[in-house]
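Here's a quick tour of a protein model, with a stop at its aromatic rings. Have a look at the fold before reading on.

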Amino acid sequence: GAAGTGGHMQATPDTSSPVRTEEALLGQIASAVGATISERLFTGTATTGNSNDLQQAYNYAKMMVTKFGMSDLGTISVGEDEDNPNLGRQMGMGAGAYGLSDESSNQIDQEILRKLATASRIAIRALLEREEFLHALVKKLEVEETIARAEWVELWNQFKPAVISEERIEAELQKFWPRFVELSSAVEA
């Protein structure tokens, strides 16, 4: 990364297949919101450093709902036509987003938020389960700046994951994104 951007995580997803499961996409969203959540969990504040990650998270959530039929709205596929973003309006398909009525657009937005809320819970759980490891990793990185995979694995194996209750996850979510708490807390299968 460029100088002054702070730490960053480099994910190494399985790219052998272009097909992604719902779980894998939620995992990618959780990973993308993870930096923002870890800032809030461990420093109590937020920075502007993660805006690209958050944009990516939103885009994945939006595709799950509007392109892949992975929501309670079922097998819908809506959105602007890439070739002509004004096509929906020209065809009198309504003034709402996605070329749909305001009510339908609001339902889609709710489903997108539900995906982001679910992924945020996954990220909170993962970060809290591995908090001891993360603090040890930060200490090591403050001294060494980089860490080899073997060292990382050795450090990882020194710490057992903590047991984190659903209540704790909801309490943390309530602190920084209370709106998400209202959205279904059941992690979708």
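A residue is called buried when its relative accessible area is under 20%, exposed when that area is over 50%, and partly exposed in between. Phenylalanine 176, at a relative accessible area of 11%, is therefore buried. Keep in mind that this is a predicted model.

Of its 189 residues, 30% count as buried. The accessible surface comes to about 12,000 Å², and carbon and sulfur atoms account for 53% of that. Take the contacts between residues at least 6 apart in sequence: 67% of them join residues at least 24 apart.

Now for the rings. A pair of aromatic rings is described by the distance of the centres and the angle of the planes.

| Pair | Centre to centre | Angle between planes | Type |
|---|---|---|---|
| Tryptophan 152 and tryptophan 156 | 5.2 Å | 10 degrees | stacked |
| Phenylalanine 176 and tryptophan 177 | 5.5 Å | 85 degrees | edge-to-face |

Tryptophan 152 and tryptophan 156 both sit in helix α6 (residues 149-157); because they are four residues apart there, about one helical turn separates them. Tryptophan 152 is partly exposed, with a relative accessible area of 32%, and tryptophan 156 is partly exposed too, at 28%.

What else is around these rings? Ring pairs join Trp152 and Trp156 with Phe133 in a cluster. Arginine 130 lies over the face of tryptophan 156, 3.7 Å from the ring centre.

Terms used:
Residues are numbered from 1 along each chain as its sequence is written. This is a predicted model: local features need pLDDT of at least 70, side-chain atom pairs count only at pLDDT 80 or more; totals for chains, interfaces and linings use all residues. Side-chain values use heavy atoms; hydrogens and water are left out. Buried means under 20% relative accessible area, exposed over 50%, partly exposed in between (1.4 Å probe, protein chains only). Contact means heavy atoms within 4.5 Å. Accessible areas come from the Shrake-Rupley method with a 1.4 Å probe; for residues, only the protein chains shown count as cover. Rings of Phe, Tyr and Trp (its six-membered ring) pair if their centres lie within 6.5 Å; planes under 30 degrees apart count as stacked, over 60 as edge-to-face and the rest as tilted. Helices (H or I, at least four residues) and strands (E, at least two) are DSSP runs, numbered from the N terminus. A charge sits over a ring if NZ of Lys or CZ of Arg is within 6 Å of the ring centre and within 35 degrees of the ring normal.
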